[in-house]
Amino acid sequence: MVERTTTDEAELQSNWTRRTFVAALGATGIAAATGSAQASDGDVVAEVEETSDGSVDLRAFDEVLGRLERAADALEFPARRIGATPRGEQHGATHWGIHFETEKAIHLGEATVDADESGTFRAVVGRYDGDSHFAPVHERDVSVDAGLNTIDLDMALEPGEYLLTRDGSFPLRRAAWSGWESQSRDGLELKGGANPNYADNRYWYYYFDLNVAAHEDAHL
């Protein structure tokens with residue numbers, strides 16, 4: 001005999017769903033206070049309240065849930081600037097860079113580079129195993145003037161191990177640096193300056209004052 005859900009049980013499940021959804025909406029309000037949620041949440045709530053049969057509009061729920069997850073990422077991985085300040089010497093050998101590993105989806109944003117001359121170089125970030133395997137996932141040609149330049153890498157990365165470097169021998173400044181461990185937190189581990197086939201060293205290569213943030217599209 002098929003066991004039917006009683007009216008009380010059905011109402012309990014419906015109430016549980018509503019309580020869960022209302023709690024999510026409350027959390028969205030908290031996320032909005034942090035600047036991570038969007039102002040259109042009220043429209044989503046209205047859509048849910050207007051459903052004719054009293055059920056939850058799952059599409060609206062998914063939209064709110066996505067905002068909650070992005071807000072949670074921003075709270076767990078707050079945007080920050082990492083790395084040394086520009087100093088040291090110009091460096092021209094290819095594929096030296098910053099070796100790091102991230103447990104979360106992140107976005108590499110603005111950085112400062114110090115060029116020895118005006119021209120164009122290719123910024124590259126690739127999957128890197130800490131040994132010899134390097135596979136580029138983003139490449140961007142960047143034009144700079146001689147001296148300090150603010151550039152925007154605009155590179156989104158999934159969790160993994162990477163090397164942020166540049167192709168070719170265009171001279172950019174590197175700096176001796178020992179703050180790798182002190183700036184490793186929130187699921188981002190900075191391992192050292194690196195080049196495939198060479199051991200990590202204590203230099204910060206090229207991309208000074210690098211902005212790193214949670215990747216806003218991680219849950220889309």
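## Burial, sheet and cavity

Of the 220 residues of the protein, 40% count as buried, where buried means under 20% relative accessible area with a 1.4 Å probe and protein chains only. The model is predicted, so that local features need pLDDT of at least 70 and side-chain atom pairs count only at pLDDT 80 or more, while totals for chains, interfaces and linings use all residues. Residues are numbered from 1 along each chain as its sequence is written, and side-chain values use heavy atoms, with hydrogens and water left out.

The protein has 3 helices and 13 strands, taken as DSSP runs of at least four residues (H or I) and at least two (E), respectively, and numbered from the N terminus. An open, antiparallel sheet is formed by 6 strands in the order β6-β5-β8-β3-β10-β11, a pair requiring at least two DSSP bridges. Because β6 and β11 stand at the edges with a single partner strand each, one side of each is left without a neighbour in the sheet.

| Strand | Residues |
|---|---|
| β6 | 134–144 |
| β11 | 198–201 |
| β3 | 97–102 |
| β8 | 160–167 |

Strands β3 and β8 run antiparallel and are joined by 5 bridges, with I98 opposite L164 in β8.

I98 also belongs to the lining of the largest cavity, together with I82, F100, L108, L188, W204, L210 and V212; a cavity is a set of points on a 1 Å grid over the protein atoms alone where a 1.4 Å probe fits but cannot get out, and lining residues have an atom within 4 Å of a point. Strands β3 and β13 (210–214) each give two or more residues to this lining.

Definitions and conventions
Buried < 20%, exposed > 50% of the residue type's maximum accessible area, 1.4 Å probe, protein only. 1 Å grid on protein atoms, 1.4 Å probe; cavity = no way out; pocket = protein on both sides within 12 Å on 5 of 7 lines; lining within 4 Å.
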